[in-house]
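Hi everyone, and thanks for coming. Let's have a look at a structure that may be new to you.

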Amino acid sequence: MGYSHLKQFKTTYNLKNRVSPTIYIPSVKSQGKVATTPNFVSICLGIKTCLAFSIWLRRFHGMRSRGFSSQTSYLHLETFSFKPLLFSFLSMSLLNNSCDPNCVIVFEGPRLHLRSIRDIEMGEELTISYIETMMPTPDRQQHLKRQYCFECDCPMCHSQSKDADMLAGDEQAWKEAKEAINKMGAPKSQEEWEQALVTCQTLLKKNATRLPDTNIYQLKVLDFAMDACINLGLLEEALLYGHRTLEPYRVYYSGFHPLRAVQMMRVAKLQCSHDLFPQALETLKEAYDIMKVTHGTEHSLVHDLMMLKEDCEAGLPLE
């Protein structure tokens, strides 16, 4: 169904936060009526050449509708190689920050895709997260102030809704874990990975009753231990750590979030390596349900997921 009119994006400058224009979903007229939710919006983003991107709004006719219902597909804002038709913005900073965003940016080769990750109402601002959100509110605020020179006033920062879970447990224990993580840095040699694993094992044993896995520093230790085991070929132990991360990831990356899907895919690979094919297939199914929204079914990472799924299905015993 074609669309006879697409109102241009409203842009306003947020002087309080000193960040770039606010992007809102435009209204769409279809067959002479303004739709209650837009049926199609497309943002064209330039080829990745440096830290800045060109961003364009383009009007289309006769494009297939992409709905907003959580029962169907989510709004898909994707890149094209066409030349801009209407106007250009100089930077990707056109999108404001939110610590609980409604969009994510995903790369596919040289192309950049902006994809919505939940239902978006007409007139609602499109937001992304500039930083890793699995940090307590004061840390996120400090990071944004230092790197982007503004104070975030998003709903998540106002409510501080997840801070209690992030810092649950014994304060001295998570401070020790935080310090240890910073000291471990980024291991490269086998010896460094071995030392890192010993540190993680010691912390996890010591804090078994002091910190829940939802404490973000306990979770980071689990992640670090999982990576160390994978690098050292200790896949059975890696699976144990990886499995413990799934529930905390669900808490902090709820809904449709690419980081949660990638973590589930990593755990599924470990499950498959131990011939736990039914469990791996279930984990992959959950990861796919997220990735088809966050990445799209044609993304190379989703193709990798489907290949892993085929390997798991081939390993199942014949009925």
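A word on the ground rules. This is a predicted model, where local features need pLDDT of at least 70 and side-chain atom pairs count only at pLDDT 80 or more, while totals for chains, interfaces and linings use all residues. Residues are numbered from 1 along each chain as its sequence is written, and side-chain values use heavy atoms, with hydrogens and water left out.

So, the overall picture. The protein chain has ten helices and 13 strands; these are DSSP runs, H or I of at least four residues for helices and E of at least two for strands, numbered from the N terminus. Of its 319 residues, 46% count as buried, where buried means under 20% relative accessible area, exposed over 50%, and partly exposed in between, with a 1.4 Å probe and protein chains only. Contact here means heavy atoms within 4.5 Å. Among contacts with a separation of 6 or more, 66% come from residues 24 or more positions apart.

Now the helix pair. How do α6 and α8 sit relative to each other? Helix α6, residues 216-231, packs on helix α8, residues 258-273, at an angle of about 40°, and their axes are 13 Å apart. Axes are lines fitted to C-alpha atoms, for helices over the stretch in contact, and angles run from 0 to 180 degrees between N-to-C directions. The two helices are therefore oblique to each other; that word covers what is left once under 35 degrees is called roughly parallel, over 145 roughly antiparallel, and 65 to 115 roughly perpendicular. On the α6 side, the contact is made by Asp223, Met226, Asp227 and Ile230, and on the α8 side by Gln263, Arg266, Val267 and Leu270.

Staying in α6, let's visit Lys220. Is Lys220 buried or partly exposed? Lys220 is partly exposed, with a relative accessible area of 28%. Leaving aside neighbours within four places in sequence, Lys220 is in contact with Met134 and Ile181. Its C-alpha is 8.7 Å from that of Ala177, 43 residues apart along the chain.

Last stop, α9, residues 277-294. Buried residues in α9 include Phe277, Leu281, Leu284 and Ile290. What do the buried residues of α9 pack against? Their partners are β11 (103-108), β12 (111-116), α8 and α10 (300-315). After α9 comes Gly296, with a positive phi near 90°.

Terms used:
The expected span of a helix is 1.5 Å times one less than its number of residues.
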